Amino acid sequence: MANIDVNKILRTAEQGIIHLAETTFTTYKTQAIADGKAFLTAAKADLTTYTQQLAMGQITLDQFKDLMQDEGDLAKMDALKEAGLAHAAFDGFINGVIGIMITAALSAIP
Amino acid sequence: MKTNFFSPGILTPNGGKGARSIFAGALLVAAALLFACSTISTYDQAAYEHATNAKVDTLALMDKATGSYSSRTKDITALNLELDKAYEYDKGRPLNQITMTSWDVLRRPKGILNRFLTSWKTSGTLNSTFINDKKAHVGREFDDIIQLESGKIKTPQAQ
């Protein structure tokens with residue numbers, strides 16, 4: 001019977017998977033937080049800008065309300081993007097795990 | 001006679017090397033099946049181009065809103081057709097629901113773009129300050145769709 005060290009396979013794979021998880025999800029988490037902060041910064045800037053434009057008569061009150069109404073859709077779109085990117089990061093992680101397991105298994109076959 | 005599948009002997013006359021091939025093959029099949037279990041569509045170059053082209057054309061049309069709406073109805077119709085085509089293309093891709101929902105938000109009757117077009121139609125013309133503010137918002141919506149597409153896993157044949 002082929003002498004396959006299953007424990008060795010699992011140990012090798014585990015180390016690779018831990019590193020992959022740290023890399024994948026740290027990268028995604030960092031980007032997601034940055035995107036969230038960017039959205040809040042933009043929303044705050046929009047409010048300031050549109051208030052000034054209204055005060056200076058550059059836009060009408062209806063246009064001001066319309067622009068502020070846009071923020072809801074912008075928030076939805078950002079949330080959808082982040083959800084999609086989370087899925088993509090997860091898929092990439094799973095693909096990476098499978099690759100690690102295959103490599104570990106094949107290298108352990110005598 | 002040994003009947004252990006992995007034993008060398010009459011069942012594996014090549015000294016057990018067949019067992020390694022079969023085991024490796026089984027791993028590859030398992031990997032192929034697991035690779036098929038994605039949670040979102042992979043990157044599509046055509047979809048990316050549709051979205052980027054639509055963004056450019058939409059923002060260019062919005063710039064025309066300093067002029068009369070009635071003089072741009074053909075352009076508006078053409079833009080809506082372009083958006084319809086991009087939408088239908090993405091609709092046909094499996095595991096693409098998040099992108100589809102994004103298109104729905106962008107294109108909905110009370111969405112940012114259609115409220116802009118309604119304002120333009122109602123007012124006849126729009127001032128440049130308002131136009132630029134709305135362009136920034138519409139541009140961000142397209143950027144979310146584009147950035148999501150760009151962030152999807154790229155397979156060799158999709159690029």
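Student: Why are α1(A) and α2(A) called roughly antiparallel?

Tutor: Helix α1 (residues 6-55) and helix α2 (residues 61-108) of chain A pack at about 170 degrees. Angles over 145 count as roughly antiparallel, under 35 as roughly parallel, 65 to 115 as roughly perpendicular and the rest as oblique. So α1(A) and α2(A) are roughly antiparallel. Their axes lie 9 Å apart. The axes are lines fitted to C-alpha atoms over the stretch in contact, and angles run from 0 to 180 degrees between N-to-C directions.

This is a predicted model: local features need pLDDT of at least 70, side-chain atom pairs 80 or more, while totals for chains, interfaces and linings use all residues. Residues are numbered from 1 along each chain, with chains lettered from A and ligands numbered from 1 in the order written.

Student: What makes α2(A) roughly parallel to α6(B)?

Tutor: The axes of α2(A) and helix α6 (residues 128-151) of chain B cross at roughly 10 degrees and come within 9 Å. That angle makes the pair roughly parallel. Residues in contact include A:Leu67 and A:Met77 of α2(A), and B:Phe130 and B:Arg140 of α6(B). In contact means C-beta atoms, placed from the backbone, within 7 Å.

Student: Why is B:Leu95 called partly exposed?

Tutor: B:Leu95 has 14 C-beta neighbours inside 10 Å. Buried needs 20 or more within 10 Å, exposed 12 or fewer, and partly exposed lies in between. Therefore B:Leu95 counts as partly exposed.

Student: Where does B:Leu95 lie?

Tutor: B:Leu95 sits in the loop between α3 (73-91) and α4 (97-107) of chain B. B:Leu95 has a positive phi of about 55 degrees, although it is not a glycine.

Note on methods. Helix = DSSP H or I, 4+ residues; strand = E, 2+ residues; numbered from the N terminus. Contact = placed C-beta atoms within 7 Å.
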